[in-house]
Structures are given as structure tokens and as C-alpha cells.
Amino acid sequence: MKSRAATIARYTLLEALRTRLPLISLAVLAALVAAGFFVEQVAVTEGVRFRAGFYAATARWAAVFILALHVLAAVAREFDDKALDVLLALDLPRSHYVLGRLAGFVAVAALIAAAACVPLAWSVPPAALAQWGLSLAFELAIVAALALFCAITFNQIVPAAGFVAAFYVLARALTAMRLIGANPIAEADVFTHRAISFVVEGLALVIPALEGWTRTEWLLDQPAPWSTLSVIAGQSVLYVVLLAAAAMFDLHRKNF
Amino acid sequence: MKTERPIRQVPRPVLSLLVLALSLQVTWQALQAPPVARADALSAPPAPATLRAVALGEPIALAQLMTLYLQAFDNQPGISIPFLQLDYGRVTQWLAAILELDPVGQYPLLMASQLYGQVPDEAKQRQMCDFVYRQFERDPERRWRWLAHCAIIVKHRLKDPRLALVYAEAITRQARRASNWARQMRIFILEDLGEREAATVLLGGLLASGEVTEPREAHFLMERLKTLQSGDGNSTPATKN
């Protein structure tokens, strides 16, 4: 049965390689590299720093956007073409389908993260680049799992894409929201402030604070301690497992 | 057909995995130390050429965004930085960059004279007034009112009437369309400096030039001229602001 999950993972990877995903990813990264060189040209000083910083920040957003849309479109297409119905008619547990799909998408995430690292190879220290790339791969794995969960749960691309985008932005802003809530400038005792602060603290328990992942300052200023990377890896694995379990739960409850 | 099957259809291992993963996630996050607010230093603004490129043909919109960023910089997440602790060299760089993008905008000069210029630090007040003076010289007709405000600050708060006179004379000399009260400021500063003769000559010249057309204002200035000529040293209420 495990080999069937592995087969699904392999076909997920093949699907990614045989669609336009590699071309689009490389074209977007190339465009960002070109834009980075433009930024370097207009900067009066610290040109390389400007280029690397611009590329790292924008490549991170672009990778998340491309991967999330790819996962959503792939799963939605499978739903629309009734390919999933055929698959589930075989002797294949639904959870194995989720595991196979997830493994394939995580592999795609790793490839995109690796591709995003290449243009930085000549501009930043290798250790810092390794940290940045690993962290990006972990972040993209979370995004892939989230997009898979949303595609299965919402069944339609628009609400699923909206949820993924809102979740990602919230996860990147969560720490700032917690700080603002914990240290109000005025009217700390107002009920609405306490209620919002309570909600934000509640969200912080179930949403990873992604602003701590894949930081550009690791490349430009100082590499992160490797212990930070291990915490990120642990948190990423846990969150991917949580999302996978949630996706399996939803898929098991679906009627086809 | 119902679109959802009952929860009992979900295999027990999947349910257990979901509950376990959720519990671990909540426990993990609950055990993390709460984030600590940390004040970031104000970095230098990008070079003007970069800003022009980043503006994508909308320099005014970018200038407004930068203004709001600078204005809100003292309120960082979870921490409030007193203006006094800001690096005023950087602040003036930001204000200058914003004015480069939007030369007609008055907001940066208002911030310089009315916001950052109000801190209880003489050096920083002088830095802001100097910035306003330099920017005034680039566009006197639009920016004279902020220099007038700085003239009042240096005269009454910094007790430096000589510098106030420099500012007031700059307004009179360069801002032809400035309000009369601003253009007449130098006369009263000269009077306060004890240079009655110069003040008398200037005030007499102003009245003779016909620039003052408002009858009440002309009457007030005439009375002031008579006082100066008679040697009575009482200052006008206007100079006591």
C-alpha cells in the first residue's frame, strides 16, 4: 500500500515537471534576478546587498505564490476530471492518497526552494544560503500542505486560494499583532482591545509565526544559529503533519 | 446524496493523528516565550534614483507612503519610541527624500517644524530649523510659513534672536508672496535686538512702499513707527508670541 502512496507522489512530481511549472518558476526567478540587477544599478552604495536583499525577499513571496497556485490547480483539476473518483474506486485508502499527494508536493517545494537559491550562490556566504534555502523549503512545505488541505476542503480554487493567501499573510504578521496587542499605546482596558488580544493569542497557538522563517537578514547581516533552523524544522514537520491529518479528516468525510 | 459523511467514517488512526498533532501544535506554541518588543533603528532612506524607480511613475503616492511610515516609526509593534531618541540625521534624510519625491507637499516641513522640532533638546530643535531653512531656500514662496514658525521657535524657545533674524530676513528677501506678518517679522526682531534705527528705517520703508494695503494694519504699523521714533521701548503683543 505504501508503494501506492509512493506512486502517487511520483506522479505528482511528474505532473509538476511536465506542466509549465518549471518554466514559470524559472521565468519568474529570472525576472526577479534581472530586477535585482536593476536595483543594484540604481543603488549608490551597497549594490550587491541591495540586489541580494531584493531578490531574497521577492523570491520568497513568488515561490509561495507559484507553489500554492500549482497545488490548488492540480488538486482542483483532479476533482473536476473525476480522476480522484476513479482512484478511490481502487483499493486505495483515502489517507494514502493524501500522503502521496503531499509527498509529491513537498518534493516540488524542495525543488523550487533549491532553484530559488541558485542566483544567490555568488552573492552570499554558503552557510547563510544553506540556512535560507532549508528554511524556504520548510516554509514551502507548510504552504503545500495548507494548499492541499484547502483544495480538499473547499473544492473550488477561489475560496481555497483566498484562504491560503489570508493564512499566509496572517502567519507573517502574527508576531507584530501579538506585540501590538500586548503593549497597547492607549486604552488597554477597553473590552474590544481585550477581546481582540484574546483572539490573536488564540490564533498564535494554532498558526505558525512564519515571519521567523527564511529571513533575508540571515543572508545579508548574520547567519542564524543552527538551533534556530532545528526549531524551524521541528515546527514545520509538526505543522505539515497537522495539516495532512486535517486534509485526511476532510477527505474521509467527503461523499463522491 | 449528502456531501459529507459522518465523523465515524473517518478512520480512528486519522482522528488520533489529527488530535495528537493539534495538541502538540498548541502545546509547542504555548511553551514558546512570548515575543519581546525591540525598537528598530531608523535606517537611511534609499537613494533618490532608487526611490524614483520604485515609485513606478507615482512619486507623490510613494512620498505619502514614506511620510506615513516615518510618522508611524515611533510607534513600532509593542513599543513607543520618544522622538527625542530618534536619530535626527536619519529623520532629516527621510524628510529630504520625501520632499525630493513631492516638492509641492508641505507635510514633511510641518513634521520638521511642528513635530520633530518640539522635542526638549536644543541641538535637535536647531537641526530641524536648519533643515527647514535649507528647504525654504529651494522654494521660498511655498515654504515660508514653516520658516516663520522656526523663527519664532529660535527666538522665544532657543533665545537666539540673531538666528531668528536670519530666518526673518530670508522670508522678507525671498518670499515675496508671504503674508505681511511674516515679512514684517524682521522689523520686530530688530527692535527686540535693540537695533531701533534699522527697525525704524525698515518700517518706514515698508509703509512708504505701499505694500501694506489693509487700513488697520497700516494704522498699527504707523503707531509702531511713531513709538520707535519716540524711543519708547515697549514691544508689541505680536512680538510676545
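We'll start with some ground rules, then visit chain A and chain B.

This is a predicted model, in which local features need pLDDT of at least 70, side-chain atom pairs count only at pLDDT 80 or more, and totals for chains, interfaces and linings use all residues. Residues are numbered from 1 along each chain as its sequence is written, while chains are lettered from A and ligands numbered from 1 in the order in which they are written.

**Stop 1: chain A.** Color it by secondary structure: you'll see 10 helices and zero strands (DSSP runs, H or I of at least four residues for helices, E of at least two for strands, numbered from the N terminus). Of its 256 residues, 41% are buried, meaning 20 or more other C-beta atoms, placed from the backbone, lie within 10 Å of a residue's own; exposed means 12 or fewer, and partly exposed is in between.

**Stop 2: two helices of chain A.** Select residues 47-80 (α3) and 126-154 (α6): they pack at about 30°, with axes 9 Å apart (lines fitted to C-alpha atoms over the stretch in contact, with angles from 0 to 180 degrees between N-to-C directions). That makes α3(A) roughly parallel to α6(A), the word for angles under 35 degrees.

**Stop 3: helix α3 of chain B.** Now pick residues 59-72 of chain B. Which residues of α3(B) are buried? They are B:A63, B:M66, B:T67 and B:L70. These cover an arc of only 105° around the axis, so they sit on the same side of α3(B) (the arc is that of the directions from the helix axis to the C-beta atoms). Turn to the other side of α3(B), and B:L68 and B:A72 are exposed.

Methods: The expected span of a helix is 1.5 Å times one less than its number of residues. Angles under 35 degrees count as roughly parallel, over 145 as roughly antiparallel, 65 to 115 as roughly perpendicular and the rest as oblique.
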